[in-house]
Amino acid sequence: LTHAWVAAWASTVGASERPLIATARDAHGGRLVGIAPFVVRDRRWGPVRYQALAMAGSGRAAADHLDLIVRHGHPYVAAELWRAVDRHRTWEVVDLDGLRPQSHLARLLLRRDGDWANYVTTSPCPVLLLPDAWEEYEAGLGRNLRANLGRYARKLDREAPGPVVERMVTDSHEAAATAADLARLNERSRLERGETGSFADPAMIDLHREAATRMLTAGRLRLHRLDVDGRMIAGISCFRHDDTVSFYVTGYEPEYARYGPGRRIMAAAIRSAIAEGARRFDVLRGDEAYKAAWGAEPADDDRIRYPVSGRARLARQAVRVVRTAKRLVRRG
């Protein structure tokens, strides 16, 4: 929801989407009190093409905890913003992914008449609650993880062909280059595990590079790298907002996998977040087992995917019927 993120997204993976931004201002002084940051995008259900209303900055970039932006003390603004957007309706489906729990937008839409609540799904977005000191946090980790952090770090320090350095990137030119290298490391490490990576698309690498530069300028970037002899073998990109550091993407060089570089750089990011006084380390979307191992507690985001037009509802129903039929055929 920051200008740094949305601007980076709009110039890269969101470049083809049509913005639909509503604003609300105080009638007496003209002060901005609310923003509805939407886009209209082309989508399809089976053979049927349609237009969907979505949050700016969402989609492939997988942004989480989204909402309308409402100044404190102006709760009525949410409904006014929605009415303004709805007056310019060209879409057939409302597809709002990554809505924060109890968001203005979710509460507003789910109070409406009809069956909106039947079109809500949830995505796990676990979060770590941080203590005052790294030693306190580390003591709460499982015995195996604690032991491995120390053992593999000593092994890498001992066997590396050059100096081993953990550091945070603070230079804008290096931030852009490091973000691009991290995207490639993420892609390689995921392919090594037989997974499909997000960064096969060059536009996603451009997004990561642009966002890193803009977030650094805004004071929000927390980009850590682990170097061996001056070469990055692991990295993690995080963003700071208020008392929370949010983990966005990590990656490592597969040839160094036996040294646990992914665990080491995650520990570096959490340790740094605690040192700067953050109270939460948000590991965002996905319920992968490693997140629980780091002590992440369950939390969810919502997705509302509601067909507004009759044509969209018929298309959605047809797709569900076809999918059900295919499952029945596979089961014989």
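A salt bridge is a side-chain nitrogen of Lys or Arg within 4 Å of a carboxyl oxygen of Asp or Glu. The model is predicted: local features need pLDDT of at least 70, side-chain atom pairs count only at pLDDT 80 or more, and totals for chains, interfaces and linings use all residues. Residues are numbered from 1 along each chain as its sequence is written, and side-chain values use heavy atoms, with hydrogens and water left out.

Q: With which residue does Arg240 form a salt bridge?
A: Arg240 is buried at 16% relative accessible area (buried is under 20%, exposed over 50%, partly exposed in between; 1.4 Å probe, protein chains only). Its closest N and O atoms to the partner are 2.4 Å apart. That partner is Glu276.

Q: How many residues apart in sequence are the parts tied together by Arg240 and Glu276?
A: Arg240 belongs to strand 10 (residues 231-241), and Glu276 to the loop between helix 8 and strand 12. Helices (H or I, at least four residues) and strands (E, at least two) are DSSP runs, numbered from the N terminus. The pair therefore ties together parts whose separation in sequence is 36 residues.

Q: Is Asp132, the salt-bridge partner of Arg279, buried or exposed?
A: The closest N and O atoms of Arg279 and Asp132 are 2.9 Å apart. Arg279 is partly exposed at 35% relative accessible area. For Asp132 the value is 61%, so this residue is exposed.

Q: How many salt bridges does a search of the whole structure find?
A: Asp157, Glu166, Arg264 and Arg271 are linked in a network of salt bridges. Arg89 and Asp86 also pair, at 2.9 Å from N to O. The search of the whole structure gives a total of 29.
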